[in-house]
Amino acid sequence: MTARRTGRRPGNPDTREAILAAARTAFAERGFDAASIRIIATAAGVDPALVHHYFGTKEELFRATVAIPIDPAELLPEVLAGGRDEVGARLVRTFLTVWDSPAGTAAVALLRSAVSNPWTARLLREFLVTQVLRRVLDRLDLDPAEVPLRGSLVATQLAGLAMMRYVIRLEPVASAPQDTLVATIGPTLQRYLTGPLPPPDQG
């Protein structure tokens with residue numbers, strides 16, 4: 001007697017990779033918010049429950065697609081703890097602590113790939129915006145109209161720091177102690193986060 005086919009991919013070693021491939025495409029093309037588990041499951045030819053079985057939540061699946069072995073949700077409470085006026089310094093310190101750790105190896109590889117691969121660049125952008133910057137900015141009671149610009153400015157600073165310290169290895173930034181970089185870059189991030197912005201261009 002022949003078993004009836006369900007049209008779904010069975011749970012075999014290729015299933016996880018099929019889900020990841022579908023997720024990378026969905027997150028890069030649609031963005032994190034619009035890429036649902038159901039859309040990803042359909043593209044991979046599996047049941048949505050199987051996606052949850054392999055990866056848990058959508059956030060966990062997203063982190064797997066960008067190969068980042070850290071969960072920003074576990075780190076950002078430290079950034080947001082304490083006074084609002086020190087968020088910039090705490091964000092720089094947390095950023096450096098992650099990149100200086102073994103997890104930083106994966107982050108450097110992702111950054112190198114993003115420079116030359118548009119798909120990786122899109123995934124990295126979505127990761128920064130939805131998993132890091134949004135979690136910080138949403139807690140600072142900011143004018144919603146200013147949030148996109150503030151987040152982009154913070155991203156330019158952090159991405160530039162990562163590129164110079166870990167990829168290009170520009171001295172003395174590459175070997176500077178964390179305290180030095182926190183003291184010098186932290187105030188700039190703080191200004192981007194909570195300082196006054198120039199008025200919109202009226203011309």
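The model is a predicted one. Its protein chain has 10 helices and 0 strands, and the elements, read from the N terminus on, run α-α-α-α-α-α-α-α-α-α. Taken along the principal axes, the C-alpha atoms of the chain fill a box of roughly 70 × 40 × 35 Å. Of the 203 residues in the protein chain, 41% are buried. When contacts with a separation of 6 or more are considered, 70% of them are accounted for by residues 24 or more positions apart.

The accessible surface of the protein chain comes to about 11,400 Å², and carbon and sulfur atoms hold 56% of this area. Among the side chains of the protein chain, 23 are positive and 21 are negative, while the centres of these two sets lie 7 Å apart.

Through ring pairs, Phe 27, Phe 32, Phe 62 and Phe 127 are linked into a cluster. One member of that cluster, Phe 32, also has a charged neighbour, for the charged end of Lys 58 sits over its ring. The charged end of Arg 122 likewise sits over a ring, that of Trp 119. The table sets out these two arrangements with their distances.

| Charged residue | Ring | Distance from charged end to ring centre |
|---|---|---|
| Lys 58 | Phe 32 | 4.4 Å |
| Arg 122 | Trp 119 | 5.2 Å |

The backbone deserves a separate look. Most residues other than glycine have a negative phi, and most peptide bonds are trans. Against that background, the peptide bond from Glu 171 to Pro 172 is cis, with omega near 5°, and Pro 172 lies in the loop between helix H9, which spans 147-167, and helix H10, which spans 178-194.

The loop between H9 and H10 also holds Arg 169, a residue that is not a glycine and yet has a positive phi of about 55°. With a relative accessible area of 46%, Arg 169 is partly exposed.

Asp 141, found in the loop between helix H8 (118-137) and H9, is another residue other than glycine with a positive phi, in this case near 55°. Is Asp 141 buried or exposed? Its relative accessible area is 72%, and because exposed means over 50%, Asp 141 counts as exposed.

How values were computed:
Residues are numbered from 1 along each chain as its sequence is written. This is a predicted model: local features need pLDDT of at least 70, side-chain atom pairs count only at pLDDT 80 or more; totals for chains, interfaces and linings use all residues. Side-chain values use heavy atoms; hydrogens and water are left out. Rings of Phe, Tyr and Trp (its six-membered ring) pair if their centres lie within 6.5 Å; planes under 30 degrees apart count as stacked, over 60 as edge-to-face and the rest as tilted. A charge sits over a ring if NZ of Lys or CZ of Arg is within 6 Å of the ring centre and within 35 degrees of the ring normal. Helices (H or I, at least four residues) and strands (E, at least two) are DSSP runs, numbered from the N terminus. Buried means under 20% relative accessible area, exposed over 50%, partly exposed in between (1.4 Å probe, protein chains only). Contact means heavy atoms within 4.5 Å. Accessible areas come from the Shrake-Rupley method with a 1.4 Å probe; for residues, only the protein chains shown count as cover. Lys and Arg count as positive and Asp and Glu as negative; His and the chain ends are not counted. The place of a charge is taken as NZ of Lys, CZ of Arg, CG of Asp or CD of Glu.
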